[in-house]
Amino acid sequence: MAFVLGYTGETGKALVKELSKRTLFKKIVLIGRREVQLDKDLGPEFEQRVVDFERLNDHKDTFEGLDTGFCCIGTTRGKAGKDGYIKVDHDYVVNSAEVAKSVGCKHFLLVTAYGANKDSSFLYPKTKGKVEEELKALEFDRLSIFRPGMLLCDRQESRPGESVLRFCFKAMPNFVIKATAISTDNLAKAMVNRVSEQSSEKIEIIENKQLYDFL
């Protein structure tokens with residue numbers, strides 16, 4: 001059985017869609033701050049559960065019995081401000097992982113970003129890098145870290161800068177795109193394919209270019 005965090009974002013929605021095409025888990029719990037209208041085509045294995053991310057220790061029962069966790073939680077500094085960004089992209093992710101691990105999660109799959117580095121001078125890669133290091137220290141049986149570059153999708157949320165970059169990518173050679181960008185649909189496929197494959201590594205970090213190897 002599995003859970004998905006961040007299932008209302010673009011990557012999370014693509015992941016839920018991809019999981020619905022497979023029969024990997026008999027139950028998939030979608031964990032968020034509120035219930036949303038789900039796609040009517042989702043099967044009975046999908047269930048929504050609401051938690052307060054400020055008080056996750058009060059929601060340990062939400063994670064019990066779920067041995068695989070997908071985390072697509074993320075916001076932007078522009079949307080949430082610096083403190084809000086750190087709270088969501090660091091605190092919510094790390095705290096969720098800690099709670100999940102404490103009640104038996106074995107395999108945790110995390111989406112961070114290309115260039116994640118705890119020693120970076122820039123907030124975005126530094127925050128992602130710190131999360132990676134803190135999750136490594138939790139010692140899951142298996143930790144899969146995905147570092148996509150530019151995410152190619154049609155966002156409901158307006159991000160003009162990304163729209164311009166996505167337009168530019170259309171004219172670039174395929175090898176450049178594979179090195180620096182991926183669609184949310186393909187990222188989701190790579191994640192689901194990876195969870196269904198065995199690995200001898202307890203910790204695996206999959207860069208953007210490598211993601212295409214799992215399609």
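**Close-up 1. Contacts of Val4 in the predicted model.** Val4 touches Leu15, Leu19, Ile28, Val29, Leu30, Ile31 and Phe70, leaving aside residues up to four places away in sequence.

**Close-up 2. The largest nonpolar core.** This core has 32 residues. Val4, Leu15, Leu19, Phe70, Leu187 and Met191 have the most contacts inside it. Two or more residues each come from strands E1 (2-5), E2 (28-32), E5 (107-111), E7 (150-152) and E8 (181-183), and from helices H1 (10-20) and H7. H7 gives the largest share, 6 residues. Another core, of 26 residues, lies apart; Phe3, Ala97, Ala100 and Leu135 are among its members.

**Close-up 3. Helix H7, residues 184-195.** The 12 residues of H7 reach 17 Å from first C-alpha to last, close to the 16 Å expected at 1.5 Å a residue. H7 is mostly covered, with 9 of 12 residues buried. Thr184, Leu187, Ala188, Ala190, Met191, Val192, Asn193, Arg194 and Val195 are the buried ones. Leu187 and Met191 are also among the residues with the most contacts inside the largest nonpolar core.

**Close-up 4. The bend in helix H3, residues 77-102.** H3 spans only 30 Å between its end C-alpha atoms, whereas a straight helix of 26 residues would span 38 Å at 1.5 Å a residue. The helix bends by about 90° at Asp83. Just after H3, Gly104 takes a positive phi of about 110°.

**Close-up 5. Packing of the buried residues of H3.** Buried residues of H3 include Gly84, Tyr85, Val88, Tyr92, Val99 and Ala100. The polar residues Asp89, His90 and Ser96 are buried too. Partners of the buried residues of H3 are E1, helix H2 (60-63), strand E4 (68-71), E5 and helix H4 (123-136).

Conventions: Residues numbered from 1 in each chain as written. Predicted model: local features only at pLDDT ≥ 70, side-chain atom pairs only at ≥ 80, totals over all residues. Heavy atoms only, no water. Helix = DSSP H or I, 4+ residues; strand = E, 2+ residues; numbered from the N terminus. Expected span 1.5 Å × (residues − 1). Buried < 20%, exposed > 50% of the residue type's maximum accessible area, 1.4 Å probe, protein only. Core = buried A, V, L, I, M, F, W, Y, C linked by side-chain atoms within 4.5 Å. Contact = heavy atoms within 4.5 Å. Bend = angle between axes of the 7 residues up to and from the residue.
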